[in-house]
Amino acid sequence: MAENAAPTHQPPTDAPTRSTVRSLLRLKPYAYPIRWYLVGAVAAALVASGAVLVVPLVLGRIVDGPIGHHDQAALWPLIGLLLLLGAAEAGLFGLRRVLIARPLARVEATMRDDLYAKLQRLPVSFHDRWPSGQLLSRATSDMYTLRLFLAFPLVFLVVNTLTFLAGSVLMLTLDWRLGLIALVPAVPLILLCTHFESRYSAAARIAQDQNGDLATVLEESVLGIRILKSFGRQRTMARHFAERAELLRGTELRKAWMLADLWAVIVGLPELALGCALAVGSVLVAHDELSAGTLVAFLSTALALRWPVESLGWLLAYSNEAGTAADRLFDVLDTPEQAEPEPASVVSNGDGIRFTGVRFRYPDAPAGTPDLLRGIDLHIRRGETLALVGATGSGKTTLTALLPRLYEATAGTITLDGQDTAQLPLARLRELVSVAFEEPTLFSASVRENVLMGAPQAGPEQLERALATAQADFVHQLPQGVDTEVGEQGLSLSGGQRQRLALARAVVGSPEFLVLDDPLSALDVHTEALVERALREVLGDTTALVVAHRPSTVLLADRVAVLAGGRILATGTHQRLLETCPEYRELMSGESALEASVTR
Ligand SMILES: Nc1ncnc2c1ncn2[C@@H]1O[C@H](COP(=O)(O)OP(=O)(O)OP(=O)(O)O)[C@@H](O)[C@H]1O
């Protein structure tokens, strides 16, 4: 749990070379498949805007024609034309929405699928580094921002720019002097928008990261609700949440002020210029240098350009948000994945599991600390079960995690029946090696789905056998038997029940290599004895590495290895190590149950 309100995850430090346009251009592969829909949307919005610009011309014609000449008969066709233009504008803007709504929902789904698939492929070390809320906010609010950008700002940036250019030409054509007066504010506005872009982008990125921090605190509080309640720490957590929410509020307010400042200028300057144009125009009409109808047409055109100009602030702000959301998406998508070796025909030699000179340190280990594993040499013969014991924090779990390459060893080799694990495709490696961790994780799915995650192709018989081995017969008493949903993280089950399902998942596929990390720690003595008896059968057919804290688990194994100081200190049978290895004796001391069971 974070102790203060500082953001827990900082954006990458490539800010100086960053550009919103470049960031948004990276969305091209996603936008390309729906390009024709986007072109259609732009075309519909462009024609609609064209209709808006024709209205002032018709108004000018009405003033100089039917009104000037008191010709009522000529008025009706022009009023009919105005109505038609209004209806066309409304219909075309509606068509734009209909055209892109569905394709854009597909684009959002594709981006989210890509992000999810990437998260699945990235190594565990990536997930150690990234707070979950940062990933959640990328998969939810950032995706929404990107879809909205493609739906509105992208289309209207094109349409409004073209409308503005067409309107400017029209104003200059109607009267070049008035046109120049109206267009003078364009120069300071362009300069101001450039300045706004960089400042607003930075603030938008901070807000998105703070949003991710907030999601992390929220997720931790929901997952840890039992601990928080039992220690009465809800208020502390609520304070952490409020502090982070306050930071986000501050950044959002800063963004709102920036936008408000920009807006004041974007709205104010053109209004000022329009006032000047009106004054000059009136003088010109008074001196018969300009017709009243042309002045009406000019002013109506200037007013019709208000939306394209005023929307600029909003469009720029939203594009910047989308740019930083794209950066956040590609922060993850650009992360290098674990190297996959070229498939090669490797001959299996039945050598079992062999660690040779294996070293490891966590990527985020403090500088200057020694490697956690400093040259592990260990051989587990085919069909043998080896128990790994060591003091708390000595690296037992870490060592077992190297076998299925959840982490990559920093040096040395690990072989399975002579095949270097670094040369095996990950999918193949994880078919060969099955694992059950001390902390059993279940998913919001049925018991059957949770167990069969260990071997999707396994049939009902294998499922039943695995459940029997893990002494998980309790599932048949659940309301829908093996089809009962066990809830998020399996919270509806007891710790021991979850551990037994995790064990069933590890053994269901009769794996060639099995890694069990203290798999019986949450079981009562009676169930533990039953599971052990059944496990002996499974272990007889497989090559296994079992992390053991308890003497009863040690006795499942043929041999024991002692891990200390990042190396294997000694290997041998339990009895021999008791006699020859003082460290082992010390580790096992106080375990009177062990002595009792050995002498039994
Ligand atoms: N993801 C990680 N990043 C950095 N350090 C880690 C990470 N996971 C574990 N460690 C550190 O590595 C050391 C060994 O941890 P490990 O879980 O392998 O020990 P262990 O022998 O299995 O302990 P225990 O018997 O308590 O389960 C510990 O000091 C731990 O703090």
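The structure is a predicted model, in which local features need pLDDT of at least 70, side-chain atom pairs count only at pLDDT 80 or more, and totals for chains, interfaces and linings use all residues. Residues are numbered from 1 along each chain as its sequence is written.

**Annotated span.** Select residues 39-321, where the unreviewed UniProt entry places the feature "domain: ABC transmembrane type-1"; such annotations may be inferred rather than shown by experiment, feature names are shortened, and positions follow the numbering used here. The span is 91% helix and 0% strand, and its end C-alpha atoms lie 23 Å apart. Helices (H or I, at least four residues) and strands (E, at least two) are DSSP runs, numbered from the N terminus.

**Ligand shell.** Next, display the ligand and the 13 residues that surround it, the closest being Tyr362, Thr392, Lys396, Thr397 and Thr398; a residue is near a molecule if its C-beta atom, placed from the backbone, lies within 6 Å of it. Helix H14 (residues 396-402) gives the most to this shell, with three residues.

**Open sheet.** Select the four strands that form an open sheet in the order S2-S1-S4-S5, with antiparallel pairing; two strands pair if DSSP finds at least two bridges between them. Strand S2 (373-380) and strand S5 (419-420) are the edge strands, each pairing on one side only. Strand S4 (residues 411-416) pairs with S5 over two bridges, and leucine 416 has glutamine 419 in S5 as its bridge partner.

**Nonpolar cores.** A nonpolar core is a set of buried Ala, Val, Leu, Ile, Met, Phe, Trp, Tyr and Cys residues joined through C-beta atoms within 7 Å. A residue is buried if 20 or more other C-beta atoms, placed from the backbone, lie within 10 Å of its own. The largest core has 67 residues, and those with the most contacts inside it include Ala387, Val451 and Leu545. Helix H18 (residues 495-507) supplies the largest share of this core, six residues. A second, separate core of 59 residues includes Ala45, Leu146, Leu305 and Ala325.

**Proline 519.** Finally, select proline 519, in the loop between strand S7 (513-517) and helix H19 (525-540). Proline 519 is buried, with 29 other C-beta atoms within 10 Å. Leaving aside neighbours within four places in sequence, proline 519 is in contact (C-beta atoms, placed from the backbone, within 7 Å) with Ala436, Gln499 and Leu503.

Technical notes: Buried ≥ 20, exposed ≤ 12 C-beta atoms within 10 Å, placed from the backbone. Contact = placed C-beta atoms within 7 Å.
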